[in-house]
Amino acid sequence: MATKSSRKKASSTRSKRTKHKGRITRSKKRVAGKAKSKTTKKKSTGKPTKTTKRKSKRLTKAQKNQLILRNKIINEKLSAFLDETGFTLLKILLEKRKISEFKLASLMNLKVNKVRSILYKLQTRGIVSFSRRRDKRKGWYIFTWEINPKNIIKYVINELNSDIKVLEKKYHLKQEGKEFFSCNECGVQMSMLKAMETNYLCPYCGTPMQVIDVERIKRDILNEINAIKKKIESLKELEKVI
Ligand SMILES: [Zn+2]
């Protein structure tokens, strides 16, 4: 019997403690709230900075979606694996942000399998994610897909960065050999040592090979790298407003 009462005591002190805890967190929240309002006040009284300008021009969801869908750099990278149907799906997904695959299929008038195959393409690239729950009545799983538009931009930036890596490799390869030869007929390129082996004739079609201006090629590669870097910068700016 004594144990029962002690248990009761323990539970009552526990409840007191939790009540106390609750009070602490509430007061903490209040302090955090105050601190927040202070900082916002500071910003509004100061001279208009870039960030406040951007805040006042906050874009609507539809405007953000347009910025993504109409962006040439994004379009180019996505069209490597999305066809017209894929872009339609992406557009709907951006409008809804979260949607079940059955709803998506009926909106697009497509079979669920087709919709799913497009979604998987987006998922493997980190653009969409899914959650599933069991339909208690029917017993099957319902997959709900979610898109974070920032992840589209992140994916494209990653792709551009790997393009830069490929170009850098190309650049360093050109650095190693001083003279290069190429066949104007089939576009084959090789070092002077290799070209000497075939008497400067193309090993594929026998056409005499031409000397390539390596310095010019290297300059072209650097220009290409810089152009991609500019693209990345513009996407990073876009990411801030999305
Ligand atoms: Zn050739």
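Here is a short tour, with a helix stop and then a sheet stop.

Before you click: residues are numbered from 1 along each chain as its sequence is written. This is a predicted model, so local features need pLDDT of at least 70, side-chain atom pairs count only at pLDDT 80 or more, and totals for chains, interfaces and linings use all residues.

**Stop one: the helix**

Select residues 112-124, helix α7. Helices here are DSSP runs of H or I with at least four residues, strands are runs of E with at least two, and both are numbered from the N terminus. Now color Val-115, Ile-118, Leu-119 and Leu-122, the buried residues of α7. Buried means 20 or more other C-beta atoms within 10 Å of the residue's own, exposed means 12 or fewer, with C-beta atoms placed from the backbone. Look down the axis of α7: its buried residues fall within an arc of 100° (taken from the directions from the helix axis to the C-beta atoms), so they line one face of the helix.

What do the buried residues of α7 pack against? Show α5 (84-96), α6 (101-108), β2 (128-134) and β3 (141-147); contact means C-beta atoms, placed from the backbone, within 7 Å. Then click Gly-126, which follows α7 and has a positive phi, near 75°.

**Stop two: the sheet**

Next, show the open three-stranded sheet, ordered β5-β4-β6 with antiparallel pairing; strands pair if DSSP finds at least two bridges between them. β5 (189-191) and β6 (210-212) are its edge strands, each pairing on one side only. Finish on β4 (residues 180-182), which pairs with β5 over three bridges; Phe-181 has Met-190 of β5 as its bridge partner.

Methods:
The expected span of a helix is 1.5 Å times one less than its number of residues. Two residues are in contact if their C-beta atoms, placed from the backbone, lie within 7 Å.
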